[in-house]
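My entries follow in the order in which I went through them.

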Amino acid sequence: MAANSEKVKLYALSTCSHCKRTKQFFQECKIVVDVVDVDLLTGKEREDIIEEVKKYNPSCSFPTILVGDRVIVGFNEPELREALHLS
């Protein structure tokens with residue numbers, strides 16, 4: 001179980017296999033995460049979120065994960081475990 005006190009945000013695509021695996025990882029670890037499925041947004045909201053993602057990940061690839069101030073691009077379980085202080 002995580003000693004997770006940092007805010008976690010996941011920018012994902014609803015159809016992306018790596019994004020689905022990331023969501024599954026958070027669920028298995030009981031991590032509360034703010035998920036934004038970018039491809040399900042429309043119009044200005046979608047444009048604004050894409051610009052937000054580019055601030056953290058200029059290549060705008062998915063998943064893009066924020067753990068506090070740390071940015072993790074792609075599903076990288078060891079890096080996520082370290083950032084979330086999971087044993």
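This is a predicted model: local features need pLDDT of at least 70, side-chain atom pairs count only at pLDDT 80 or more; totals for chains, interfaces and linings use all residues.

Residues are numbered from 1 along each chain as its sequence is written, and side-chain values use heavy atoms, with hydrogens and water left out.

**Cysteines.** I looked for disulfides, taken as pairs of cysteine sulfur atoms within 2.5 Å, and the structure holds zero. C60 counts as buried at 17% relative accessibility, and its sulfur lies 11 Å from the closest cysteine sulfur, that of C19, which is too far for a bond. C16 is buried as well, with a relative accessible area of 13%; its closest cysteine sulfur is also in C19, at 3.0 Å, and this too is too far for a bond.

**Sheet.** I took helices (H or I, at least four residues) and strands (E, at least two) as DSSP runs, numbered from the N terminus, and I let two strands pair if DSSP finds at least two bridges between them. On these terms I find an open sheet of four strands in the order β2-β1-β3-β4, with mixed pairing. β2 (34–37) and β4 stand at the edges with a single partner strand each, so one side of each has no neighbour in the sheet. Neighbouring strands are turned against each other by 15 degrees on average, direction ignored; the axes behind such angles are lines fitted to C-alpha atoms, for helices over the stretch in contact, and the angles run from 0 to 180 degrees between N-to-C directions. β3 and β4 pair in the antiparallel sense over four bridges, and I noted that L66 has V71 in β4 as its bridge partner.

**Helices on the sheet.** With contact meaning heavy atoms within 4.5 Å, I see α1 packing on the sheet and touching β1, β2 and β3, its direction making about 155 degrees with that of β1. α2 lies across β1, β2, β3 and β4 and runs at about 115 degrees to β1.

**Helix α3.** Which residues of α3 (residues 77–84) are buried? I find L80, A83 and L84. They lie on the same side of α3 because they cover an arc of only 90 degrees around the axis, the arc being that of the directions from the helix axis to the C-beta atoms. On the other side, P78 and E82 are exposed. The cover over the buried residues includes β1 (8–12), α1 (17–28), β3 (64–67) and β4 (70–73). At the start of α3, a side-chain oxygen of N76 reaches to within 3.1 Å of the backbone nitrogen of E79.

**Loop between α2 and β3.** I looked up N57, which lies in the loop between α2 (43–56) and β3 and is buried at 4% relative accessibility. Its side chain joins that of S61 in a polar contact of 3.0 Å, meaning a pair of N or O atoms within 3.5 Å; within protein, one must be able to donate a hydrogen and the other to accept it, and residues adjacent in sequence count only if both atoms are side-chain atoms. P63 lies in the loop between α2 and β3 and is buried, with a relative accessible area of 1%. Not counting residues up to four places away in sequence, P63 touches several residues, including L10, H18, C19 and F75.

Conventions:
Buried means under 20% relative accessible area, exposed over 50%, partly exposed in between (1.4 Å probe, protein chains only).
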